Structures are given as C-alpha cells and as structure tokens.
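Subject: Structure handover

Hello,

Here is the structure for you to look through. My notes on it follow below.

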Amino acid sequence: MTVKPYNTGSTKKEEVRGMFDNIAPSYDFLNHALSFNIDRRWRRQAVEEVRRGAPRRILDMATGTGDLAIELARRMGDAHITGVDLSEKMLDVARRKVEARGLSDRIALRQGDAEHPAEEGACFDAATVAFGVRNFGDLHAGLCGLARAIKPGGKVVILEFSRPRNRLFRALFGFYFGKVLPWVGGMVSHDRQAYAYLPASVGEFPSPEAFVAMMGRAGFRECRARSLSGGIAHIYIGEMIAKTF
C-alpha cells in the first residue's frame, strides 16, 4: 500500500502537491529546526559529490524551497540550475530566496515532476534530488525520467532519509521521528498529517540496497550508496555511461 499524506482518494502526486502547498510558509523553519541543522551539512556533502563531475547544467528535482539549488549555485560558480517542483507555493518561497541572493540569472524554477522532468532529451550534465524522491508518485517512473534527462557521462545524486541499522539508535531515532517530530511539526504548521506522513514515507522507502537496485533498473550504472550520520540518511549516486563507438 502506498503511503499518502491525507488518504483522500486522490493520487499520491496530487496529495503531495497539496501537502507542500499547505506547509510551505513554515517549511524552512521546521526543516532546519527539527533536524538540528544537520540537513545543511548533508546538502553540502551532496554538493561535493556533484562537483566532482564539474557539471554546467544541473536539474534539481523536487527542489522545494530551493536550498539545494542555492547551495549548488553558491559552490559551483559556472553551473546553471533548473529547479523543478510539484508545489507552486514552495516554488514561490524558492523564488524569493533566489532573488534575495542575486542568483536569478543562474537558477530557473518551474513547476513539474520527475516523470516529465524538463526539456526533451538528455540535456543535463547532472541531476539532484534532496529529500524528495520518496514523494514521487511513481518511484520507478520518476527515476526513469531522471535518467532520460541526463547526458551520457553525467550522474544523479540523491539525498534521502533512511532507517538506522543499529538497534538502539534506530529505536531512539524512531521515537523522535515518529512521535516528537509529528507533534512539533503539526503544532507549528497546523498540518499534523503532513508531519505524520514524513516518518511513514521513510518507513515505506526501500532499503539502501533495494533502492540502489531500483536505480540500476531505471538505467543508471555504477550505482552506490553512502551512509550519513549513522544511517539517518544516505547519498545515492548513479552514472549515465557515456557511449563509445
């Protein structure tokens, strides 16, 4: 059974769009506060992985309020980033942040989803997703869409929550993630269901090994996963193999 935020009978994609429209005003505050700002460090590590390929054009899927797109632009002076997200209200927040930082000429933002990522054909040197891949309406179709968007020789870098393997750490994390976070997030955002969906969606997400296998089935090669902060999150990397003649 697919976990959805509200279980209204709408598709997951429609419910996720509505959820992020609802919580957009408080999203940044809660995102950083509830993660104790560790999410910022994880994003920097993802950006360092992207930088190794020196990409010029980057697709940031599920860009949300633009934190990863902004970090990519800040640390990669020659890169141009296209940020795509389902939620127009999240994009409104992102646009204000991008303009305030003087990055409007290097970050373009538009509404869309991973199944139909951007321009036709493989036109990006790299693609990124930060804490958004588990919200894809169809995970396999979304990964295939990302693969279609990346040029041969490019790569995808995905940052996503996972479940710690150490029993004690998993239990402590589970209590915080399953009890404390929904209560605080719901109180501040006035949408408890949205913050109950977060741990539920992480619980449903494939294990790192299973997700790496899914990336392979979507067309990526040399797929691998790197654990962060005791397994709270992982960075996943996949390559698009360059054709040889």
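Helices (H or I, at least four residues) and strands (E, at least two) are DSSP runs, numbered from the N terminus. This is a predicted model, so local features need pLDDT of at least 70 and side-chain atom pairs count only at pLDDT 80 or more, while totals for chains, interfaces and linings use all residues. Residues are numbered from 1 along each chain as its sequence is written, and side-chain values use heavy atoms, with hydrogens and water left out.

**Sheet**

Start with the sheet. Seven strands make up an open sheet with mixed pairing. The order is β3-β2-β1-β4-β5-β7-β6. Two strands count as paired if DSSP finds at least two bridges between them. β3 (107-111) and β6 (221-228) stand at the edges. Each has a single partner strand, so one side of each is left without a neighbour in the sheet. On average, neighbouring strands of this sheet are turned by 15° against each other, direction ignored. Axes here are lines fitted to C-alpha atoms, for helices over the stretch in contact, and angles run from 0 to 180 degrees between N-to-C directions.

Now one pair in detail. β1 (residues 57-61) and β2 (residues 80-85) run parallel, and five bridges join them. D60 stands opposite G83 in β2. Helix α4 (residues 88-100) packs on the sheet and touches β2 and β3; contact means heavy atoms within 4.5 Å. The direction of α4 makes about 165° with that of β3.

**Salt bridges**

The structure holds 17 salt bridges. The criterion is a side-chain nitrogen of Lys or Arg within 4 Å of a carboxyl oxygen of Asp or Glu. For accessibility, buried means under 20% relative accessible area, exposed over 50%, and partly exposed in between (1.4 Å probe, protein chains only).

- R43 with D39: the closest N and O atoms are 2.6 Å apart. Both residues lie in helix α2 (residues 38-51), four residues apart, about one turn of the helix.
- K155 with E49: the closest N and O atoms are 3.2 Å apart. This pair links distant parts of the chain, with K155 in strand β5 (residues 150-161) and E49 in helix α2, 106 residues apart. K155 has 10% relative accessibility, so K155 counts as buried. E49 is buried too, with a relative accessible area of 4%.
- R74 with E71: the closest N and O atoms are 3.1 Å apart. Both lie in helix α3 (residues 67-75), three residues apart, about one turn of the helix. R74 is exposed, at a relative accessible area of 55%, whereas E71 counts as buried at 12%. Salt bridges that share partners join E48, R51, E71, R74 and R75 into one network.

**Backbone**

E222 is another, at about 55°. For background, most residues other than glycine have a negative phi.

A54 lies in the loop between α2 and β1, and E222 is found in strand β6. A54 is exposed because its relative accessible area is 55%. E222 is exposed as well, with a relative accessible area of 57%. Recall that β6 is one of the edge strands.

Best regards
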